[in-house]
Amino acid sequence: MNERFLNVVDVEATCWEGKNPPGMPSEIIEIGLCVIDVERLERVEKTSILVRPEHSTVSEFCTQLTTLTPEQVASGISFAAACELLRAEYRADSRGWASWGNYDRTQFERQCGATEVRYPFGQRHTNAKVAFSAARGTSHRYGMAGALRMTGLPLEGTHHRGGDDAWNIAALVIELMKQSAWPV
């Protein structure tokens, strides 16, 4: 199935140095999304959706990693509203999507299962990290920042912010597409 647009998604979630505190699951606090026009091979839209956690808090460690503060995410929308926004505005349930690794996909699956919120995505997910390694003929899995360095692309924005990371991952996906190394 050949579609004109591909969504690239990157999430940030509540996290702690070490184990999660009792009763506090990791919850999505930011959904970054970049839309790629596959025909023109360019990034055409970038968004960041702040999501209010319901069962956990933003730790100091999490703020240091992501720059997101408890006050910022408290002003976000509910996880259910964020999933509906992904379907309504970005056709997430019918458009193919990619993420760097499987964390983003499994975090959505876990959180949707725990909250009984409808999973917002369709079945066509591509693990861009695996595609990047396959294009280089290696089983080594590179982090996004390392992959950008390897390809000579700049890291734009703030690392570990969803919108910026989705934008940077999209640049890597486009490079793979230009090399005919993106799985169809």
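Tutor: In this predicted model, the side chains of Arg-105 and Glu-109 form a salt bridge, with an N to O distance of 3.0 Å. Both residues belong to helix 4, which covers residues 103-115. They are 4 residues apart there, about one turn of the helix. Arg-105 is partly exposed, at 21% relative accessibility; with buried defined as under 20% relative accessible area, that value falls in the partly exposed class. Glu-109 is likewise partly exposed, at 37%.

Elsewhere, salt bridges with shared partners connect Arg-4, Asp-37, Glu-39, Arg-40 and Glu-42 in one network. One of the pairs in question is Asp-37 with Arg-40, whose closest N and O atoms are 3.5 Å apart. Within this pair, Asp-37 is buried, at 1% relative accessibility, whereas Arg-40 is partly exposed, at 47%.

A further salt bridge brings together the side chains of Arg-91 and Glu-3, at 4.0 Å from N to O. Arg-91 is located in the loop between helix 3 (79-90) and strand 4 (97-99), and Glu-3 in the segment before strand 1 (5-13), so this pair ties together parts that are 88 residues apart in sequence. Arg-91 has a relative accessible area of 38% and is therefore partly exposed.

Over the whole structure, the search finds 13 salt bridges, including the Arg-105 and Glu-109 pair within helix 4.

Notes: Residues numbered from 1 in each chain as written. Predicted model: local features only at pLDDT ≥ 70, side-chain atom pairs only at ≥ 80, totals over all residues. Heavy atoms only, no water. Helix = DSSP H or I, 4+ residues; strand = E, 2+ residues; numbered from the N terminus. Buried < 20%, exposed > 50% of the residue type's maximum accessible area, 1.4 Å probe, protein only.
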